[in-house]
Amino acid sequence: MGKEIIKIIKIALEALLDIIYPYDNKCIICGVEGFLGICSKCKSEIKRVHQQEEIMAYGYYGGVLKKLILNLKYHKSFIAGKVLADLLCQIIIEKKLSIDCICYVPISKDSLKKRGFNQCSVLAKNISSILDIPVIDCLVKVKETKEQKLLGKEERMKNILDAFEIKNKEKLFKKNILLIDDVYTTGATINECKKNIEKCNINKIYLL
């Protein structure tokens with residue numbers, strides 16, 4: 001009963017946001033009319049990652065995909081967040097992943113204050129809404145770091161070392177966990193988060 005009430009509240013909140021922030025019925029990339037999110041042509045231009053390794057990804061960072069991520073991250077385009085979540089859900093469904101809960105890479109308090117939101121949290125919550133899988137807020141960033149994109153591979157690993165701590169660890173016990181990040185370059189950030197989650201006696205972790 002409690003879960004049903006929560007689901008109804010979530011649907012009502014999403015409907016309210018749609019009223020406050022109405023989406024234009026056009027592609028947010030090329031502007032063609034008749035599409036909510038992106039059109040099929042723009043979606044087809046995303047270069048897919050077909051050889052999935054330990055870290056799964058939908059596509060390569062460039063073109064349409066880069067625009068979607070930057071629109072979400074720096075221009076607060078939450079429809080871009082929904083589009084990106086749809087793409088990530090496609091991987092989850094294609095691979096038939098068995099997931100108990102979703103976690104995400106956190107940002108620091110200062111970054112959260114400046115940006116107003118965490119883009120990884122937006123992606124996680126959208127995926128949660130689509131697939132009805134709970135999000136667990138289990139990681140906290142405890143150290144201010146330099147921007148990873150400005151650093152080389154070895155510098156990135158040193159920069160992010162011990163930057164995260166775990167919380168709500170009891171909620172992760174024996175769970176299959178999906179860990180979400182927005183952009184993967186060297187894997188330093190997501191692997192540092194993974195290292196913390198693996199200390200919680202989990203069953204399995206997927207990196208996306």
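**Exercise 1. Charges over rings**

The charged end of arginine 48 sits over a ring; find which ring, and how far from its centre.

*Solution.* Start with the rule: NZ of Lys or CZ of Arg must be within 6 Å of the ring centre and within 35 degrees of the ring normal. The ring under arginine 48 belongs to tyrosine 58, and the distance to its centre is 3.9 Å. Next, take lysine 47. It lies over the face of tyrosine 60, 5.2 Å from the ring centre.

Some ground rules apply throughout. The model is predicted, so local features need pLDDT of at least 70 and side-chain atom pairs pLDDT 80 or more, while totals for chains, interfaces and linings use all residues. Residues are numbered from 1 along each chain as its sequence is written, and side-chain values use heavy atoms, with hydrogens and water left out.

**Exercise 2. An aromatic pair**

Classify the ring pair of phenylalanine 78 and phenylalanine 117.

*Solution.* Rings of Phe, Tyr and Trp (its six-membered ring) pair if their centres lie within 6.5 Å; planes under 30 degrees apart are stacked, over 60 edge-to-face, and the rest tilted. The count by this rule is one aromatic pair. Its ring centres are 5.2 Å apart and its planes stand at 65 degrees, so the pair is edge-to-face.

Now place the partners. Phenylalanine 78 is in helix α4, and phenylalanine 117 is in the loop between α5 (109-115) and α6 (119-131). They are 39 residues apart, so the pair links distant parts of the chain. Helices here are DSSP runs (H or I, at least four residues), as are strands (E, at least two), numbered from the N terminus.

Finally, check accessibility. Buried means under 20% relative accessible area, exposed over 50%, and partly exposed in between (1.4 Å probe, protein chains only). Phenylalanine 78 is partly exposed at 33%. Phenylalanine 117 is buried at 9%.

**Exercise 3. Alanine 80**

Describe the surroundings of alanine 80.

*Solution.* First, locate the residue: alanine 80 is in helix α4 (residues 78-94). Its relative accessibility is 0%, so it counts as buried. Then list contacts, meaning heavy atoms within 4.5 Å. Neighbours within four places in sequence aside, alanine 80 touches Ile28, Leu68, Asn71 and Leu72. Last, compare sequence and space: isoleucine 38 is 42 residues from alanine 80 in sequence and 8.5 Å away, C-alpha to C-alpha.

**Exercise 4. Helix α8 and its cover**

Determine how α7 and α8 pack, and what covers the buried residues of α8.

*Solution.* Axes are lines fitted to C-alpha atoms, for helices over the stretch in contact, with angles from 0 to 180 degrees between N-to-C directions. Helix α7 (residues 153-160) and helix α8 (residues 188-197) meet at about 35 degrees, with axes 9 Å apart. From α7 come Arg156, Met157 and Ile160; from α8 come Ala188, Thr189 and Glu192.

Turn to burial. Eight of the 10 residues of α8 are buried, among them Cys193, Lys194 and Ile197. Their cover includes α7 and the strands β1 (101-104), β2 (139-141), β3 (164-166), β4 (176-180) and β5 (204-207).

**Exercise 5. Positive phi**

*Solution.* Most residues other than glycine have a negative phi. Asparagine 168 has a positive phi near 55 degrees. Asparagine 201 has a positive phi of about 55 degrees.
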